[in-house]
Amino acid sequence: MAGIKVEFRQSGKTLEWEDRFENLLEFAEANDIPLESNCQQGFCGTCKTRLISGKVEMERTDGLEAEDIEESKILVCVSVPVTDVVLEA
Ligand code: FES
């Protein structure tokens with residue numbers, strides 16, 4: 001969706017989301033924000049990142065443990081923002 005802001009807290013960057021990206025991992029990489037990833041399909045959990053505020057749509061949650069969900073972690077490789085979001089990365 002247009003007009004959605006994505007803040008990467010540790011990187012100190014706030015960017016406007018672009019629908020041409022499939023997920024937040026791709027978006028971050030395109031903007032020189034280094035995030036760790038491996039499977040890029042929501043299975044391995046390597047890319048989990050804490051969602052400080054806002055909402056995302058996550059295609060798959062296999063890579064998350066119950067405690068990750070309690071800590072508001074998301075899998076950026078399968079997530080797109082649906083509201084303005086703040087990520088810890
Ligand atoms: S890179 Fe494997 S779950 Fe995201």
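Is Ser72 buried, exposed or partly exposed? At 32% relative accessibility, Ser72 counts as partly exposed, where buried means under 20% relative accessible area, exposed over 50% and partly exposed in between, with a 1.4 Å probe and protein chains only. The model examined here is predicted, so local features need pLDDT of at least 70 and side-chain atom pairs count only at pLDDT 80 or more, while totals for chains, interfaces and linings use all residues. Residues are numbered from 1 along each chain as its sequence is written, and side-chain values use heavy atoms, with hydrogens and water left out.

Most residues other than glycine have a negative phi. Ser72, although not a glycine, has a positive phi of about 65°. Ser72 lies in the loop between helix 2 and strand 5 (73-75); helices (H or I, at least four residues) and strands (E, at least two) are DSSP runs, numbered from the N terminus. Asp32 is not a glycine either, and has a positive phi of about 60°. The loop between helix 1 and strand 3 holds Asp32, which counts as exposed at 65% relative accessibility. The C-alpha atom of Asp32 is separated by 18 Å from that of Val78, 46 residues apart along the chain.

The loop between helix 1 and strand 3 (48-53) is also the place of Asn38. With 55% relative accessibility, Asn38 counts as exposed. When residues up to four places away in sequence are not counted, Asn38 touches Cys44 and Thr46, contact meaning heavy atoms within 4.5 Å. Between the C-alpha atoms of Asn38 and Ile69, 31 residues apart along the chain, the separation is 20 Å.

What is the relative accessible area of Asp68? The value is 4%, so Asp68 is buried. Asp68 belongs to helix 2 (residues 66-70), and touches Lys48, Gly63 and Lys73, again not counting residues up to four places away in sequence.

The aromatic residues come next. The structure holds four aromatic pairs; rings of Phe, Tyr and Trp (its six-membered ring) pair if their centres lie within 6.5 Å, and planes under 30 degrees apart count as stacked, over 60 as edge-to-face and the rest as tilted. For Trp17 and Phe21, the ring centres are 6.4 Å apart and the planes stand at 50°, so this pair is tilted. Trp17 and Phe21 are both buried, and ring pairs link Phe8, Trp17, Phe21 and Phe27 into a cluster. Trp17 itself sits in the loop between strand 2 (13-16) and helix 1 (24-30), and its relative accessibility is 4%. The side chains of Trp17 and Asp19 are joined by a polar contact of 3.2 Å. Such a contact is a pair of N or O atoms within 3.5 Å; within protein, one must be able to donate a hydrogen and the other to accept it, and residues adjacent in sequence count only if both atoms are side-chain atoms. Trp17 and Ile4 are 13 residues apart along the chain, with their C-alpha atoms separated by 5.3 Å.

Attention can now turn to the open space in the model. Rolling a probe the size of a water molecule over the atoms shows where empty space is left. On a 1 Å grid over the protein atoms alone, a pocket is an open set of points where a 1.4 Å probe fits, with protein on both sides within 12 Å along at least five of seven lines, and lining residues have an atom within 4 Å of a point. The largest pocket contains about 160 Å³ of space, a volume being the space filled by probe spheres set on the points, which are joined across faces, edges and corners. Its lining has 13 residues, and Glu22, Asn23, Glu59, Cys77 and Val78 lie nearest the centre. Strand 4 (56-58) and strand 6 (79-81) each supply at least two residues of this lining.

Ser79 is found in strand 6. Its relative accessible area is 0%, so Ser79 is buried. A polar atom of the side chain of Ser79 lies 2.7 Å from the backbone oxygen of Leu75. Beyond residues up to four places away in sequence, Ser79 touches Asn23, Leu24, Val56, Glu57, Met58 and Ile74.
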